[in-house]
Amino acid sequence: MAELGQIAEKIRSKNAGPFWLTVDIFCGTPEAFGQVCDRLKTADVAALFGVTPETMKRFEIAALNVVKISLPRPQIQGSRLDRDMHGASWAALLAELDIS
Amino acid sequence: MFYESHNVSQIDPVRVLVPSGALGLNYDKAALDRAIAVGPDIIAIDGGSTDSGPAYLGRGVSKYSRASTLVEWRGLIEARARAGVPLVIGTAGTCGADSAVDWMFDITAEIARDTGQKLKVAVLKSSQDPGAMAAAFKAGRITPLAGAPQVTAEDLKSCANIVALAGAEQVAAALNTGADIIIAGRTTDTAIIAALPLMRGGHAGAAWHGAKIGECGALCATNPQSGVVMVEFDGDGFTVVPMAEGALATPHTVSAHMLYENADPFILFEPGGHLNVSDAQYTALDARRVRVSGSRWVPSDRYTVKLEGARVAGFQCVLMAILRDRRYVQNAESWARDIVAKCRAKVIDRLGLAPEAFEVEIRLIGQSASFGALETRQSAAVEIGALGIVTAGSEALADEIGKMLNPYLLHHPLTAEEEQPTFAFPFSPAELSRGAIYEFCLNHVLELDDPMDGFSLEVTEVG
């Protein structure tokens, strides 16, 4: 078992405006970046976040050893069912995803 | 020498001083003094964003304290006087609605009076009349962006506040008045930084890219809390210079900032076009400065400005109880489910409300409050906070239902046979009336024939 948060150096989730959420996975090294690119499946992230994979955008940025995933916010920021105004905690959920 | 210009082109560099990511977050005073000594051409600071949620726009108020805003703004007005350059704030008062701009103007006038300065202040307003926006929607001049909610003309009319995000053109118009201080309503975060280099004929790709990198102050460098950064625009690029002692900009910290709060790390839409940084080159000039070139600006056919709108989405009353008893902690989920069912039945019975006319929710803090059904982790909690949230069509109704929820949160037993339990209420009254709650309902753009359509500009002398 290998959690994403054990392989990546840092994971950050933020709003990208009220309607989008963006997650930046800073892998730290080219090796970790390669592992995350290979093993982190967009469909698994979609299932974890309760959204459909077709709506997600994925960027693999080798120059920064970063994998970035952006998606329409599962709940619009600040709407009645939104639990996290700044989209801060999605990173913690993703960090615990098993990608072994 | 602490700072030296990087001579790569014929035109004079334009130095934009960004004291911090937002007024209210404070800035390093020594770094600000150092930046003033270098000689900026303008001081630009952001006053807000949507990031704190829809209530600030809905109510048209600032999230930061007036006293903190006044202290920080006074420091920048004083720095501006020493530098002899304009000071501009974008998205004044968190949301940039007219009422928040008026609040910022009032603070500015108070500082001018207290410090005996005469200041020429240009006020750029961005609020849009909901009725006029409903008409523009019917005329096909408002179109949705990706992920936008479905709206009707009636939805637009029902907004408490709608603002349009001004771009560089409107900020340039304000700068052209020759004002000492510009208080702008909602602008894009970048427009207040990009405006002056663009006015001086600078490279458009560099102007917008440098603005995006600088918009959060020193967040694009090490020691991000220091705030102060100088962005120096030259003929075809820009240089990032953090001003705090020991703060460093590296190609990594600068290029990584394009990721920040941005769904696409290579593209940034602005009024009148978009920025593409796919081919940008980030070069370390030394250990602390980075020069960026190769950014491209792609003009659009239509001139559009983004709209933000917030409307009332109901009224809320919230309560909190804390479970510490081991058995209740272990069975909190079924306890909460039972309470919601019983409370809902009582509301329907006693208030005669339709089931869809109100909501009662209990979030279990310590168990699943962050993600609800999506939570993947389980662990044995010592205690659980039960956050009761009631939403209804009026404040009186929400409060009334909150009072019906109260006895359940205080005494509801897991089984009918056991002795009546009592749980910990942290305060009295237990019901906290939240009043109106708001929701963002626009992720749309408005087409304009002229960039100043829908924006107003007024110049006043204060002090």
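Helix 3 of chain B passes helix 4 of chain B in a right-handed crossing, meaning that the near helix is turned clockwise from the far one by less than a right angle. Helices here are DSSP runs of H or I with at least four residues, strands are runs of E with at least two, and both are numbered from the N terminus.

This is a predicted model, in which local features need pLDDT of at least 70 and side-chain atom pairs count only at pLDDT 80 or more, while totals for chains, interfaces and linings use all residues. Residues are numbered from 1 along each chain as its sequence is written, and chains are lettered from A in the order in which they are written.

The two helix axes, lines fitted to C-alpha atoms over the stretch in contact, come within 10 Å and cross at roughly 55°. Residues are in contact if their C-beta atoms, placed from the backbone, lie within 7 Å.

| Helix of chain B | Residues in the contact |
|---|---|
| Helix 3 | B:R66, B:T69, B:L70, B:W73, B:R74, B:I77 |
| Helix 4 | B:I107, B:T108, B:I111 |

Chain B as a whole has 13 helices and 21 strands. Its C-alpha trace spans about 85 × 50 × 50 Å along the principal axes. Among contacts in chain B between residues at least 6 apart in sequence, 76% join residues at least 24 apart.

Chain B also touches chain A: 31 residues of chain A are in contact with 33 residues of chain B. Strand 4 of chain A gives the most to its side, with four residues.

How values were computed
Contact = placed C-beta atoms within 7 Å. Axes fitted to C-alpha atoms, helices over the stretch in contact; angles between N-to-C directions.
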